[in-house]
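Hello,

Here is the structure you will be working with. Please open it beside this email; my notes follow below.

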Amino acid sequence: MKNRQKRWSAIIFLLILIILPIMTFASKKEYFSEIENKSLARMPKLTISKVKDKSFMNGFESFFADHFTGRIKWIETKVDAELLVGKTELNGIYVCDNMLLEHLPNPDYTEVDKAVSAINGFATENGNVPISVMLAPTSGGIYTDKLPKNAPQLDQKAFIDYVYSELGENITKIDIYNTLYTARTDNYIYYRNDHHWTSLGAYYAYNTAIQKLGFSPVSYDRFDIEHASGDFRGTFYSKTLYKKTDADTVDIYKYDAGANVTDVTITKAINPDGSLQTEQHDGLYFREFLDQKDKYCTFLGSNQPMVDIKTDVRNDKKILIIKDSYANCFVPFLINHYSEITLLDLRYIQTSYKNLVNVSDYTNVLFLYNASTFSTDENLKKLMYNY
């Protein structure tokens with residue numbers, strides 16, 4: 001009986017060794033995994049030099065690892081096994097109580113200081129325009145009580161306080177940490193499977209920020225809320241493939257008595273000669289993304305170098321926002337206060353901001369970043385470059 005079991009085990013093992021590669025190479029190849037939000041390896045070219053320097057075998061191993069049949073199921077099984085033996089962190093993400101939270105380590109404060117210095121320099125150079133900074137804590141900085149016991153994590157409140165203490169006195173610091181921390185218990189202010197705040201979280205931030213910017217907020221009860229999608233699984237899910245948390249809901253806030261967007265111009269690229277590749281859009285929402293994996297892109301689409309929004313608000317108030325993607329679902333609340341809103345994402349800009357906007361044309365400038373992005377950002381230094 002034991003010999004028969006060993007024989008069958010050997011046969012099954014050999015079949016796996018033979019059949020799995022055949023199925024893998026025979027299957028249709030995709031070179032981007034939407035579920036993981038990453039590019040997949042391509043089959044390397046076979047050359048004598050690549051065999052000699054072992055780059056062919058390394059490339060082949062990467063190719064096979066990215067394309068073997070049933071790969072996603074294998075990864076999901078591996079995740080379940082790791083959690084079963086007590087592991088709480090997967091690829092930089094903590095698996096918590098019905099929520100995935102980012103492990104945010106302590107930053108390199110030398111680089112943080114460079115970013116702060118760049119903002120201070122920008123404020124000095126554009127001293128005729130009021131400058132504000134709003135750093136948004138991420139879910140990992142708000143739901144600290146959900147983190148695994150003794151899990152290493154950046155104290156985001158202390159980090160934000162440090163940044164604000166280093167900013168010049170001529171800069172307005174918009175502190176929303178306590179607002180979001182207080183709201184965390186009974187309100188859906190961050191996605192469970194993604195690194196962004198929800199529209200409700202953005203509304204809480206707006207309610208505080210807009211008063212600092214000189215306006216009265218539109219009260220929450222004036223909005224109609226459209227539950228545009230109920231099956232969103234975002235960046236944290238892509239990093240873990242852990243699907244036992246509840247899927248997220250994407251909400252769109254509508255204020256029918258409010259302002260209308262009259263024009264949205266998206267700068268998709270900046271040509272070497274300085275000219276812009278632009279396209280027009282009919283509003284703030286890109287509903288085609290509701291049928292795709294990255295549903296957060298419903299808000300203003302995928303990240304672009306510059307977006308310019310015009311409204312029918314009858315005033316001369318214009319705001320320039322230098323930002324990361326946290327601004328994308330925050331902006332819809334601003335259209336009731338500004339006749340023009342311009343967004344710059346320095347990650348996608350390789351030229352001086354002066355070639356794109358004239359800061360003196362605006363009545364406010366707002367830097368809006370989440371704490372995670374700001375703690376590692378190297379793009380704010382571009383503010384001081386002359387291209």
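Leu 90 has Ile 93 in strand 4 as its bridge partner. Keep in mind that this is a predicted model. Strand 4 covers residues 93-96 and pairs with strand 3 in the antiparallel sense, over two bridges. In general, strands of a sheet pair through backbone hydrogen bonds.

**Helix 7**

Helix 7 runs over residues 156-166. At its start, a side-chain oxygen of Asp 155 comes to within 3.2 Å of the backbone nitrogen of Lys 157. Which residues of helix 7 are buried? They are Gln 156, Phe 159, Ile 160, Val 163 and Tyr 164. These residues sit on the same side of helix 7, because they cover an arc of only 130° around the axis. What lies over them includes helix 5 (109-125), helix 6 (139-142) and helix 11 (371-376). Strand 6 (131-136) and strand 7 (171-173) are also among the elements that cover them.

**The cores**

The largest nonpolar core has 62 residues. Those with the most contacts inside it are Met 134, Tyr 190, Trp 197, Ile 321, Phe 330, Ile 341 and Leu 368. Helix 9 (residues 199-212) gives the most to this core: seven residues.

Leaving aside neighbours within four places in sequence, its contacts include Tyr 164, Ile 174, Ile 176 and Trp 197. Ala 205 and Ala 209 are also among the contacts of Met 134.

Ile 160 is one of the buried residues of helix 7.

**A glutamine in a loop**

Gln 304 is in the loop between strand 11 (276-281) and strand 12 (306-311). Is Gln 304 buried or exposed? Its relative accessible area is 14%, so Gln 304 counts as buried; the cut-off for buried is under 20%. The side chain of Gln 304 makes a polar contact with the side chain of Ser 302, at 3.2 Å. Beyond its neighbours within four places in sequence, Gln 304 is in contact with Ile 266, Thr 267, Lys 268, Asp 345 and Tyr 348.

Best wishes

How values were computed
Residues are numbered from 1 along each chain as its sequence is written. This is a predicted model: local features need pLDDT of at least 70, side-chain atom pairs count only at pLDDT 80 or more; totals for chains, interfaces and linings use all residues. Side-chain values use heavy atoms; hydrogens and water are left out. Two strands pair if DSSP finds at least two bridges between them. Helices (H or I, at least four residues) and strands (E, at least two) are DSSP runs, numbered from the N terminus. Buried means under 20% relative accessible area, exposed over 50%, partly exposed in between (1.4 Å probe, protein chains only). The arc is that of the directions from the helix axis to the C-beta atoms. Contact means heavy atoms within 4.5 Å. A polar contact is a pair of N or O atoms within 3.5 Å; within protein, one must be able to donate a hydrogen and the other to accept it, and residues adjacent in sequence count only if both atoms are side-chain atoms. A nonpolar core is a set of buried Ala, Val, Leu, Ile, Met, Phe, Trp, Tyr and Cys residues joined through side-chain atoms within 4.5 Å.
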